[in-house]
Amino acid sequence: MRGRSHWQNDRRIHNKRRRKIAFRRCVLLLIVVMVWVPMMLLGIFDWVFASDKPTPTTITPVPTALKQHSDEHPTIPKMTPPPLINDELVISNDDHLAENHLRGGVAIPTDRSHASSDDLPHFTLVLCSWTGDAEGFPRVKLLLSSIHKFIPAASLKEIIFVVPELDVRNFEAIGSRQRLPFRVIPDEAILSLTKATADSLLPNGEKKQNGGRGGNYRLQMALKLGIARQVKTKFYITLDNDVFVKRNTTHDDIIINGKAIVQGNDGNNRESWWKAAGNILQDPQRCGGNLAKDPFQLGVTPAILAREISLGLLDFLEETYHSTFDKALFRMLHSKPTSDWTEYSLYWAWACKSRLTHELHVLASDRKIYDTSGFGWDSFSRYNVDRVFSDNSTFFGVVQSINGAQPKAVMGVLYPHILK
């Protein structure tokens, strides 16, 4: 009996050990699942934008930016909107200008020098984007593929992705999959207004709930001007998600004898844009509504901007209106004579006012910046893609994301011409 009891005791001990081992394995498996699944979900953008043979490039992405601080506003997201008096925004004269942006705890001075850009024969591409753009964001890969194919490395200084802070890591992942030099700069490192604050400062007619485009529409305009303080080249090209490069494009193709080409007056403008810009810049007679019919015009996105002109405009706005430039521009939305501004009407009116138009831009007779056949609602149903790509008088194509075409349909038509 003692031998049998001893054997049964050994068996109980053995079974107990097996149960402990099984339990530990279950716990380990549960931990692996809890960690691995979220990592796979967070890596979805790597999967979407991974090329067949991804080749990492040496990059120096900008770390996530902290919010800009001021004495009046502990943090910008909690900023109290300026008061309204008779439907006019009142911005106090003691609103100080942001001289530094904090990134990762390190103060990086805002570059206000007009002479610090290099004069090498290359340019910068600037893409203002975000993952929340359901119609445009899926086409970012198409844009980057076209840049990689049609713009030689010798002409491209870098691509700057300007995105909301929450999208910085997503676009760092996107950029790291491309064999292109890039930086990612958060909106918050350029603007003093957050989207929430911008929405609260909009006139009623521009608010989304009233049929307007919302604060993001105006913030995108401001970003294309404000990024000049981060650009390191003499010229930079503004892009949207719905733009693509359609032919070989070198520095000397679009910048002739130190002057960037313009689109010219193709009818895609309104006189009110120019009147608003002239009023804001306090020169309505010479550089206002009269520019609307001038054949020598900048155009819309994609546009080639001179860093010197953009910097001068930003300085004028801040010195004249005693505020950061984006606050000043949102203030103008509440006064009819200044409400209908755009980034390009302001830029071009300032070029006129500062007498830099002919010094830094040229209207070429044999080339324009972009093809316009993809502009307007339902334009894609009539889009002649063969003609667009065979026309060498323009360098960029645009199939506007607001024209009703689905991103997959657009990419299905354009990709074969970019990949062949």
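Predicted model: local features only at pLDDT ≥ 70, side-chain atom pairs only at ≥ 80, totals over all residues.

Visitor: How many helices and strands does the protein have?

Guide: Helices (H or I, at least four residues) and strands (E, at least two) are DSSP runs, numbered from the N terminus. The protein has 14 helices and 15 strands. Of its 420 residues, 50% count as buried, where buried means under 20% relative accessible area with a 1.4 Å probe and protein chains only.

Visitor: At what angle do H6 and H11 pack?

Guide: Axes are lines fitted to C-alpha atoms, for helices over the stretch in contact, and angles run from 0 to 180 degrees between N-to-C directions. Helix H6 (residues 215–226) and helix H11 (residues 343–353) pack at about 35°, their axes being 9 Å apart. Contact means heavy atoms within 4.5 Å, and here Met221, Lys224 and Leu225 of H6 meet Glu343, Tyr344, Leu346 and Tyr347 of H11.

Visitor: Why is H6 described as largely enclosed?

Guide: Ten of the twelve residues of H6 are buried, so the helix is largely enclosed by the rest of the structure; among the buried ones are Arg218, Met221 and Lys224.

Visitor: How do the axes of H9 and H11 cross?

Guide: Angles of 65 to 115 degrees count as roughly perpendicular, under 35 as roughly parallel, over 145 as roughly antiparallel and the rest as oblique. The axes of helix H9 (residues 307–321) and H11 come within 9 Å and cross at roughly 90°, and the two helices are therefore roughly perpendicular to each other. Ile309, Ser310, Gly312, Leu313 and Phe316 of H9 make this contact with Leu346, Tyr347, Trp350, Ala351 and Lys353 of H11.

Visitor: Which residues cover the two faces of strand S5?

Guide: Phe123, Leu125 and Leu127 lie on one side and Thr124, Val126 and Cys128 on the other, and all are buried. Six of the six residues of S5 (residues 123–128) are thus buried, so the strand is largely enclosed by the rest of the structure. Two strands pair if DSSP finds at least two bridges between them; S5 and strand S6 (residues 156–163) run parallel and are joined by six bridges, with Ile160 in S6 as the bridge partner of Val126.

Methods
Residues numbered from 1 in each chain as written. Heavy atoms only, no water.
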